[in-house]
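The following questions and answers concern a predicted model. Please study the sequence and the structure before reading on.

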Amino acid sequence: MKQIKRFIDCYIPTETCNLRCHYCYITQKKRFHQQLFHLNRPVEEMKEAFSQEKWGGSCIINLCAGGETLLAEEVVDVASAMIEAGHYVMIVTNGTVSGRFEQISCLPERIRRNLFIKFSFHYLELLRLGWLEKFCENVLKMKQAGISFTIEVTPSDELIPYIEELKAFCIENFGALCHVTIARNDRTEGIDILSKMSLEEYQNTWKGFQSELFEMKCNVLRNFYRGGVFCYAGIGSVYLDLMSGDYKQCYCGQTLGNIYQDSVLAFRAIGKRCSFPYCYNGHAFLCFGDIPAYAAPTYDRMRNRQCADGTEWLTEEMKSVMQQKVIGKDDLLKKREIIQDTVCYGKELMTSKIKQVVRRLIHHETE
Ligand code: SF4
Ligand code: SF4
């Protein structure tokens, strides 16, 4: 098992989906553009862009689209190329594109063991379409192929009458209860929960699933305030657009460079400059250790389940990989370095503001 250097949250620019979940945060923001991802460069060039020399070692890469990730055929080639380059890959999917799971189950063992599938379980939508059986077959196919996986449900108010039915379904078909995420309302400034209930009522309603993922997400929502703590996103993790190659410190913050154009990649911590109301994907960023001051559980606990028959959703190797933190003692910046960075950032901000004002003045004069 390799030491993990960084977590890369990688955006796949597919912006369409074969489901229509009522709580979908992408439809809320009207971001379905009927666009399917096509790799616009040779796989070899992509492998080169993901070389361990560039990234400083092995990384965990999360592939997630603005729609269904596995609609695009090339995603499997992309994941394989990343694993060939020495990384571990997670794919987020709604679990319904059966042809793709067939393709994945035929990958060589050295690829399959470094792959993790996050099945988003859209129970009501699958029920409506009559696709529950197909979903279960695809989960089973991954398990039989020795691929680590997790199953996660979105706890919407509409699903409440089905809670007991859902629990029984999970035990019967997946050997354990599914994990529970939180439904979020991206249209609100505070990125609130998408529910008529208070957070406390919401927690009480869904706690029966005993999901550490749900507990972690609720804790972050309750207790974590931006600006108060130093975040190492930008060093321990980055947000990458696979198509353009641009990578940023996080969903907010500075663009640090381009993985296809830059021969040496730059990393710089976002520090206390996060502009989000809370770390809504903290179950990944915080669990992988982006904020060492926040005592977060390890990421495997967000994903694994022990089944009644003694098997687990994560393989032993994947579990050990997901137990790691990306920021070790040696990576911590000294007080002096943090002050230097803050001063430097202030200067950069000032320079860019002055340039903006000058540009506006010139533009005004030439009108
Ligand atoms: S499967 Fe995911 S992307 Fe597709 S509609 Fe449901 S929530 Fe949205
Ligand atoms: S606090 Fe969370 S969302 Fe904000 S920059 Fe850090 S990792 Fe990203």
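Two strands are said to pair if DSSP finds at least two bridges between them.

Q: In which sense do strand E4 and E5 pair?
A: Strand E4 covers residues 115–121, and six bridges link this strand to E5. The sense in which E4 and E5 pair is parallel.

Q: Which residue in E6 does Glu152 stand opposite?
A: Strand E6 spans residues 179–180 and runs parallel to E5, with two bridges between them. Across from Glu152, the residue in E6 is His179.

Q: What is the handedness of the β-α-β unit that E5, helix H9 and E6 make?
A: Helix H9 comprises residues 163–174 and belongs to a unit with E5 and E6. The handedness of this β-α-β unit is right-handed.

Q: How many of the six residues of strand E5 are buried?
A: A residue counts as buried if 20 or more other C-beta atoms lie within 10 Å of its own. Ser148, Thr150 and Glu152 point one way from E5, while Phe149, Ile151 and Val153 point the other way, and all are buried. Strand E5 is therefore largely enclosed by the rest of the structure, its buried residues numbering six of the six.

Q: What is the radius of gyration of the protein chain?
A: The protein chain contains 15 helices and eleven strands. For 367 residues the globule rule gives 21 Å, and the chain is close to this, so it is as compact as a globular protein of that length. Its radius of gyration is 21 Å.

Terms used
Residues are numbered from 1 along each chain as its sequence is written. Chains are lettered from A and ligands numbered from 1 in the order in which they are written. This is a predicted model: local features need pLDDT of at least 70, side-chain atom pairs count only at pLDDT 80 or more; totals for chains, interfaces and linings use all residues. Helices (H or I, at least four residues) and strands (E, at least two) are DSSP runs, numbered from the N terminus. The radius of gyration is taken over C-alpha atoms; the globule rule is 2.2 Å times the number of residues to the power 0.38. A residue is buried if 20 or more other C-beta atoms lie within 10 Å of its own, exposed if 12 or fewer, and partly exposed in between; C-beta atoms are placed from the backbone. A crossover is right-handed if, with the strands pointing away from the viewer, the path from the first strand over the helix to the second runs clockwise.
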